[in-house]
Amino acid sequence: MIKKIEHLGIAVNDIQEALSVFETLLSTSSYKEEIVESEGVKTAFLKVGESKIELLQATNESSPIAKFLEKGNKGFHHVAFEVDNIEEEIKRLTDKGFILIHQTPKEGADNKRIAFLHPKSTFGLLVELCQEKS
Ligand code: ZN
């Protein structure tokens, strides 16, 4: 079951510069900064009520964030939905014909197991499923 919007991912060139702006915008400090080597990203999280903003900076040139920015995109990158059972959701969505980038959950930032859907399935929107590790 999909429970809520867990966070919105924002792609930036310079996470420290972006943090100072978003911390002012949201009147809060980031509660976590973390590098996810497997994804080639440095992340920072800010709370907005029950949801979060995830800032993402590439840590190398083959990072999905580096490629996203190279194409001339910036800003909004993905929406993450919190699920109660990520294996079940991957199976449910695969059975419904959605294309999953990850058929099995992988390690994400902020103590989560994650899987991305291919944006081809969702009108160009990049969707992440995430489940808190217990
Ligand atoms: Zn995310």
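The legends below describe close-up views of a predicted model.

View 1. The zinc ion is coordinated by His7 and His78 through their NE2 atoms and by Glu54 and Glu128 through OE atoms, at 2.1 to 2.2 Å. Along the sequence, the donor residues follow the spacing H-x46-E-x23-H-x49-E. Distant parts of the chain are linked by the two histidines, with His7 in strand β1 (residues 2-11) and His78 in strand β5 (residues 75-83), 71 residues apart. His7 is buried, at a relative accessible area of 2%, and His78 is buried as well, with a relative accessible area of 2%.

View 2. Ile5, Leu8, Phe76 and Leu125 make a nonpolar surface patch of about 300 Å². Of these residues, Phe76 is found in strand β5 and is partly exposed, its relative accessible area being 42%.

**View 3. The salt bridge between Glu39 and Lys106.** The structure holds 11 salt bridges, and in the one formed by Glu39 with Lys106 the closest N and O atoms are 2.5 Å apart. This pair links distant parts of the chain, since Glu39 lies in the loop between β2 (32-36) and β3 (41-48), while Lys106 belongs to strand β6 (residues 106-107), 67 residues apart. Glu39 counts as buried at 19% relative accessibility, because buried means under 20%, whereas Lys106 is partly exposed, with a relative accessible area of 21%.

View 4. The side chains of Arg113 and Glu87 meet in a salt bridge with an N to O distance of 2.4 Å, which links distant parts of the chain: Arg113 is in strand β7 (residues 112-117) and Glu87 in helix α3 (residues 86-95), 26 residues apart. Both partners are partly exposed, Arg113 with a relative accessible area of 23% and Glu87 at 41% relative accessibility. A salt bridge also joins the side chains of Arg92 and Glu89, at 2.9 Å from N to O; these residues are 3 residues apart in helix α3 and therefore separated by about one helical turn. Arg92 is partly exposed, with a relative accessible area of 38%, but Glu89 is buried, with a relative accessible area of 2%.

Key. Residues numbered from 1 in each chain as written. Predicted model: local features only at pLDDT ≥ 70, side-chain atom pairs only at ≥ 80, totals over all residues. Heavy atoms only, no water. Donors = N, O, S within 2.8 Å, 3.2 Å for Na, K, Ca; no water. Helix = DSSP H or I, 4+ residues; strand = E, 2+ residues; numbered from the N terminus. Buried < 20%, exposed > 50% of the residue type's maximum accessible area, 1.4 Å probe, protein only. Patch = residues over 30% accessible without salt bridge, like charges linked within 9 Å, V, L, I, M, F, W, Y side chains within 5 Å. Areas by Shrake-Rupley, 256 points an atom, 1.4 Å probe, with all protein chains shown as cover. Salt bridge = Lys/Arg side-chain N within 4 Å of Asp/Glu carboxyl O.
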